Amino acid sequence: MKHFAPDRVAIIGGGPGGYEAAMVAADAGVEVTIIEDKGMGGSAVLTDVVPSKTLIATADAMRRVNASTAFGVRFGDSSEDKYETSAWADFSRVNERLLKLAQSQSRDIHQSLESVGVRIIPGRGRLVPPHNVEVTSPDGETQVVESDAVIIATGAHPRELDTAKPDGERILNWTHAYNLTEVPEHMIVVGSGVTGAEFASAYRRLGAEVTLVSSRDQVLPGEDADAAAVLEDSFTRVGVKVAARARANSAERTANGVSVTLNDGRVLEGSHCLMAVGGLPNTAGLGLEECGVDTTESGHIRVDTVSRTTATNIYAAGDCTGLLPLASVAAMQGRIAVAHMQGGAVKPLQLHRVASNVFTSPEIATVGVTQAQVDSGKYQADVVKLDLATNPRAKMMNIRDGFVKIFARRGSGTVIGAVVVAPRASELIYPLALAVTHKLHVDDVATTFTVYPSLTGSIAEAARRLHLHVLDPAEE
């Protein structure tokens, strides 16, 4: 049967899943229309990834300045006895910068799309059978965009508790965090997943007292246990308090701050509370059912590995699909959707190849098979974990926390997973992601030259130690 590629594609949502798909489709000569009601880039650029990682970058800059005395750096007049000082954050300037950066990134995306002929319509989109889109503009006017295929990339929004409704001033969700004009005196962060851990780390480095409410025994329950232990040790050292094995029943404003009541009866008093209890898909009111698009019990759109929904010529990408809530995954889903509808060669989405990062201090980066999967027996693997304390570059940089862990398939020596805990782990994971994606042998990694001294030297060293395991498994 001959494949008929669509001439017109409508995309609901201008986040990474939407705008990446639009760029690929436009380059293929397709007439593309994007419907977006908040601005190009979506929440990833405007209220989530870009601003939060910019805030974290500021916190890391403060960490490096405050730690620089260990390098012999001194502040002030050398004739005085007092040489050291503490950096402080001008929070109004910090937030002004990150919001400007987010808006600038949004404008750049908008201009890039227009330059390749993409039509951008401000407003909210709703599916109209079989695969058209009704757009409601900000002033309430409607129009129908006719299309041959649709990509839904509407993202997600912060989950809220009925007993802890954010007010944008004292009780916050992640979109409110940039309204603050001063560093919070005491931030209570509810939720110890990625978002909660990142904000807890950043606010503490920025000078706030921080209490992290964790419902589990371990901070970052979904991450590598060794990595989470390193982060918890770092939290303890810098003064982040962890209220473990507890959930927040409620959060209320008080005369001068907030009061958070936990399910074990404890009451935490602070100046602010950040609710980081997950996200919900933006799928309500999209007309999904009328077009035959199935959703899960959580409201996420069901998709396969090539981004197809259960309706013909309707695809979905990003956080609204409930796969991995990462901008990189959303973008890949969008690109795959366009490739599939065009009838080209398509590589289905393979989540085990996705490299992800937690932007705490230190960062935690992972790719491929996990320690939990090895421990459960799902994968047979040789594992080497090498602490960065032995790395000469790490010593020069005064890095006290971190490690490189590599998983190699037992019997073949193929690299199937890795964990890196270190400053800029998000950059260091890339060579290991290449190894996982292209099924490289540990010897391929071990025999590749690294710069001396460098943190990447520990990657090669871990691979060399794995080489011994591959030759003689009895040495484990």
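Let's start with the UniProt annotation "binding site", from an unreviewed entry, which covers Lys53, Gly125 and Asp319. UniProt positions follow the numbering used here, feature names are shortened, and annotations may be inferred rather than shown by experiment. These three are spread over 267 residues of sequence, and in space they are also spread, up to 29.1 Å between C-alpha atoms.

A quick word on what we're looking at: this is a predicted model, where local features need pLDDT of at least 70, side-chain atom pairs count only at pLDDT 80 or more, and totals for chains, interfaces and linings use all residues. Residues are numbered from 1 along each chain as its sequence is written, and side-chain values use heavy atoms, with hydrogens and water left out.

Now, Gly125. You'll find Gly125 in strand β4, residues 124-128; strands (E, at least two residues) and helices (H or I, at least four) are DSSP runs, numbered from the N terminus. Gly125 is buried, at 12% relative accessible area. Buried means under 20%, exposed means over 50%, and partly exposed is in between, with a 1.4 Å probe and protein chains only. Beyond its neighbours within four places in sequence, Gly125 is in contact with Ile12, Ile35, Val133, Glu134 and Leu286, contact being heavy atoms within 4.5 Å.

And where does Asp319 sit? In the loop between β18 (314-316) and α7 (327-341). Asp319 is partly exposed, with a relative accessible area of 27%. Leaving out residues up to four places away in sequence, its contacts include Gly155, Ala156, Pro281 and His300.

There is a second list. Under "binding site", again from an unreviewed entry, UniProt gives Gly191, Ser192, Gly193, Val194, Thr195, Gly196, Ala197, Glu198 and Gly278. They span 88 residues in sequence, yet no two of their C-alpha atoms are more than 13.3 Å apart, so they gather at one spot. Take Gly191, in the loop between β10 (186-190) and α5 (194-205): Gly191 is buried, at 13% relative accessibility. Gly196 is in helix α5 and is buried too, with a relative accessible area of 1%. Not counting residues up to four places away in sequence, Gly196 touches Val189, Gly191, Leu212 and Ala276.

Next slide: the sheet. Five strands form an open, antiparallel sheet in the order β19-β20-β23-β22-β21, where strands pair if DSSP finds at least two bridges between them. β19 (356-358) and β21 (381-387) stand at the edges with a single partner strand each, so one side of each has no neighbour in the sheet. From one strand to the next, the twist averages 10°. Six bridges join β22 (residues 403-409) to β23 (residues 415-422), and Lys405 has Val419 as its bridge partner in β23. Helix α6 (residues 225-238) lies across β20, β21, β22 and β23, at about 175° to β22. Axes here are lines fitted to C-alpha atoms, for helices over the stretch in contact, and angles run from 0 to 180 degrees between N-to-C directions.
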